Amino acid sequence: MRITRDFDAAEECVQDAFAKALASWGQQGIPVNPGAWLTTVARRRAIDLGRRHDVAIRSQRLLVTDATMPERDPSSAIEDDRLRLIFTCCHPSLATDTQVALALRMLCGLSTVEVAKAFLVKESAMAARLTRAKKKISIARIPYRVPERSELRTRIDAVLLVIHLLFTTGHTSPVGEELSQVDLVERSLDLARMLHGLLPDDGEVAGLLALILLTDSRRGARISAEGEFLALADQDRSTWHRDSIDEGLALVGEALRRGRPGPFTLMAAIAAVHSSAPHWDETDWGEIVGLYDLLIATWPSPVVALNRAVALSFAEGPGVGLRALDDLGAEPQLSAYPYLAAARANCLVRLDRLEEARDAFAEAAMLTENVVERAYLHSRIEELNDTLGAEPGLGLL
Amino acid sequence: MTQYLVLIYENEQSWADADESTYGRIHAEHNSFGEKNGASLRGGNALESTMTATSLRRNSSGEIVATDGPFAETKEALGGYYVIEADDLDAALAVAKQVPAHFGGVEVRPIREMN
């Protein structure tokens, strides 16, 4: 049952690239070649993850011991202040990275040193970036207020993206002793919850809160007793956090009832299908494929199409999935994308075409720039070598 | 109140390729933009194409040398500007969004206050 491991890793990187795409495209417009852009970002993201792993433990300690986090004040005046502040920090005239850095500094109360660590840059560089941002806010007069209703819809998107980036930064982390930066996750959850409390009628706000709750409900199950990363298929679902799931499912339902769902609601709905399955084998893959169809319609991207193809391989079998993946192989944007090769490899293993699977894993290993991922892919190649050597033709399952 | 310069950057080739009715339509759009935002407008002009531009730079010996062409060669060139006055950036952006710039876009810059 290890076939889905790459899928999980791919999905997480994809979600990241996706979030970045939304963030950057919202600001700079959709690039001429969005697919290639997404691929580049996903690759950079993979490198980032590799690097981040090295400092994750250090960052973690600093983030957790942070004492400057403002106390949660129940009074609505303070809440309104925080809402105004988040709209200032997430103003589209600031670069996405800067928005996240400002949010960490201003809303989560991290020190400049801590923000610098989270971004893996020198303190002086982060201090300069924050200073420039504050200067821009002041000179260009970026307002400190909740935008008018006509602007609110587009402005909320930027806020949601920043919260989602905070979450994925905390949640997505390669294999290791510390799988996630729990503190960042909790702060993103806190912000999403606050936003939902203040804008209870917004479907995408509910969608994001649900996405965070549902994804984070598996936090404790993502790592084995031996400290090994566990894919969705291998997790002990009884350890999933029930309260978070219940709250998340209710929110997804609420968001879906609001009419045409946005990307966060759709991603939350996909997470909800997993949360609702008592066991991996009972996953409603048909539903997941349908949700990916809607997601592609909202945000057409070859990377989302890749995820859809993987879901299709579970819904209708590895042969169908492989054909969908091979169709994507014609996309020049995905030609250097390691997760396409890895997804093909997994379908080929399930089809018992082990030699081709080995070649595809080797291709993925060659394409990935992430050390941790490459090590994992090499271990899969080794497994196939053993199987092919000892008992030719015998499947891994 | 802060003054902002709205720089209109557009693809000159697209301008050159446009027909008379397009020019007429865009001209009318600028007029209606001006009427609608008269309260915020402090000035504005259209520029002749970069073909007519002359740039002055200092060379390595410190002499000012004139060269043909715009300061920076880009596909989208500065083709005009408006000066607007607004309470804050959002208000300025709300006006700048209405500026007709079919062959490109606009850049909004606060004008530095000199005391």
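I began with the interface between the two chains, where 7 residues of chain A are in contact with 5 residues of chain B (two residues are in contact if their C-beta atoms, placed from the backbone, lie within 7 Å). Sorted by class, the side of chain A that touches chain B holds 5 nonpolar, 1 polar and 1 charged residues, where Ala, Val, Leu, Ile, Met, Phe, Trp, Tyr, Cys and Pro count as nonpolar, Asp, Glu, Lys and Arg as charged, and the others, Gly among them, as polar.

I note that this is a predicted model, in which local features need pLDDT of at least 70 and side-chain atom pairs count only at pLDDT 80 or more, while totals for chains, interfaces and linings use all residues. Residues are numbered from 1 along each chain as its sequence is written, and chains are lettered from A and ligands numbered from 1 in the order in which they are written.

Next I looked up the make-up of chain A, and found 17 helices and 0 strands (helices, H or I, of at least four residues and strands, E, of at least two are DSSP runs, numbered from the N terminus). Of its 397 residues, 46% count as buried, a residue being buried if 20 or more other C-beta atoms lie within 10 Å of its own, exposed if 12 or fewer, and partly exposed in between.

I then turned to the cores, a nonpolar core being a set of buried Ala, Val, Leu, Ile, Met, Phe, Trp, Tyr and Cys residues joined through C-beta atoms within 7 Å. The largest has 94 residues, and A:Ala103, A:Val159 and A:Ala210 are among those with the most contacts inside it. Helix H7 (residues 149–171) of chain A gives the most to this core, with 10 residues. A second, separate core of 19 residues includes A:Ala140 as well as B:Tyr81, B:Leu93 and B:Phe103.

Last, I examined helices H11 (residues 263–276) and H12 (residues 285–298) of chain A, which pack at an angle of about 170° with their axes 10 Å apart (axes are lines fitted to C-alpha atoms, for helices over the stretch in contact, and angles run from 0 to 180 degrees between N-to-C directions). H11(A) and H12(A) are therefore roughly antiparallel to each other, as angles over 145 degrees count as such. The residues of this contact divide into 9 nonpolar, 1 polar and 1 charged.

In the loop between H11 and H12 of chain A I found A:Thr283, which counts as buried because it has 20 C-beta neighbours inside 10 Å. Beyond its neighbours within four places in sequence, A:Thr283 is in contact with A:Val273, A:His274, A:Ala277 and A:Phe314.

Notes:
Angles under 35 degrees count as roughly parallel, over 145 as roughly antiparallel, 65 to 115 as roughly perpendicular and the rest as oblique.
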